[in-house]
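Please look over the model below before reading my comments.

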Amino acid sequence: MTRRSIRIAGNVRNLPGPLWDSAFLRTCRGEAAPHTPVWLMRQAGRYMKEYRDVRGKASFLELCKDPALACEVTLFARQFLGVDAAIIFSDILLILETLGLPLVFTPDDGPQLTRPIRSPTQLGQLGDPEQAAADLDVVYRACRLTAMGLPADIPLIGFCGAPFTLASYAIEGHSPKQSAQTRRFMYRHEDAWNRLQRILVDALSATLRRQIEAGASCVQIFDSWVGGLTRIDFATYVQPHLTRLVAQVPEGIPVILFGTSTGHLVDLIAACGADVIGVDTTTDLVEAWARTGGPDRIAVQGNLDPGLLLADRDRVLAGADAVLAAAAGRPGHIFNLGHGVLKESDPELAKALVEHVHIASARRR
Ligand code: CP3
């Protein structure tokens, strides 16, 4: 049974009316909405001058760990763009730090975990998962502040990395790319791999629960690197753990599962029980729906090419029209990019895109 059918059967309704009835949450549940809701992955980021100004005063990790600043950049981006949801400003890697893996961000090489896990015995470095989640108190304080500052009908999206993607960072020590060390660990130490996955799922479900208690009314799980796996490996090494994570999200809170280059996995990803699957630019929205049971069973999110935002206005809006035409006004489509906003993008164009999606989709209703 999908999470959605459980919820409808149980008629769970534990959110304030305007939030429950928001275009975004209605769409997550597959219900009709007056327009197609839209938000952009990495909507608060380096393409915005206001973000760069804040980053001039604080490093990326300092920003993530300062609830007032994290709230400020989250709310600014949400309001500037006029998007239908805010996503809390944070990072999927923070939980690895509180689990016991020191984390630094270098300007050139991105995230670095300085004591990666390369052998089963090194799993002993990891602390208690509940405690690791509790230690991210700054994130929950940021969620509380942000939820209070949002309009009544705008949901806050909480998030975490998926257990495969986080294990990849923990094992490689940096952005995985080939995931060679991860694959070696996964194949050669299957018991330890499963133990690592269980620790991660326990920590991740605890942090999601705490973000929800602090005001998040939807969650997105980022599985950025899982697209490199074959179907059989996904089914063997990933699916059971992802399924357990999704099942632990409290009822009434939609789950979006996002991955990149996952076209060959969409049906397996949908079978993990998510309410919404993220579709990147390598996968066709209609095909994703066709392979996962269609709008009656699951919602989809995507999938404008983030690179298209570097084009002129007419081309961007035509690209948006093509995405809307694929979804054809059916309920259960959240408009987004296929991946995060590029730092070279023009914020005014991003804003024009959002406005266009609202107007053009309302006309299709
Ligand atoms: O979407 C949002 O606006 C919310 C904030 C958010 C960030 N990272 C902020 C960020 C979210 C949801 C993430 C998730 C995240 N973090 C993922 C999954 C999504 C994806 O892109 O696939 C991953 C893989 C990470 C890890 C991470 N964080 C990397 C690899 C990097 C370096 C690459 C880069 O673009 O700089 C980051 C840094 C990061 N996370 C930035 C932001 C705004 C840039 C930091 C800066 O200001 O310099």
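The numbered points below take these topics in turn.

1. Basis. This is a predicted model, in which local features need pLDDT of at least 70, side-chain atom pairs count only at pLDDT 80 or more, and totals for chains, interfaces and linings use all residues. Residues are numbered from 1 along each chain as its sequence is written, and side-chain values use heavy atoms, with hydrogens and water left out.

2. The sheet. Seen in order, E1-E4-E5-E6-E7-E8-E9 form an open sheet of 7 strands with parallel pairing. Strands E1 (86-87) and E9 (333-337) are at the edges; each has a single partner strand, so one side of each lacks a neighbour in the sheet. Strands (E, at least two residues) and helices (H or I, at least four) are DSSP runs, numbered from the N terminus. Two strands pair if DSSP finds at least two bridges between them.

3. Strand E6 (residues 255-259) runs parallel to strand E7 (residues 276-278), joined over 2 bridges. Leu-257 has Ile-277 in E7 as its bridge partner.

4. The ligand shell. The ligand is surrounded by 23 residues, each with a heavy atom within 4 Å of it. The closest are Arg-42, Arg-46, Tyr-51, Arg-55 and Ser-224. By class, the shell holds 14 nonpolar, 5 polar and 4 charged residues. Here Ala, Val, Leu, Ile, Met, Phe, Trp, Tyr, Cys and Pro count as nonpolar, Asp, Glu, Lys and Arg as charged, and the others, Gly among them, as polar.

5. Polar contacts (N or O pairs within 3.5 Å). The side chain of Tyr-51 places an N or O atom 2.5 Å from a ligand oxygen. For Arg-55 the distance is 2.7 Å. For a polar side-chain atom of His-339 it is 2.8 Å. Taken alone the ligand exposes 880 Å², and the protein buries 87% of that; areas come from the Shrake-Rupley method with a 1.4 Å probe.

6. Backbone details to check. Gly-302 and Asn-303 are joined by a cis peptide bond, with omega about -15°. Asn-303 belongs to strand E8 (residues 299-304). Lys-177 is not a glycine, yet has a positive phi of about 50°. Its place is the loop between helix H10 (163-172) and helix H11 (180-188).

Notes: Polar contact = N/O pair within 3.5 Å; in protein donor to acceptor, adjacent residues only side chain to side chain.
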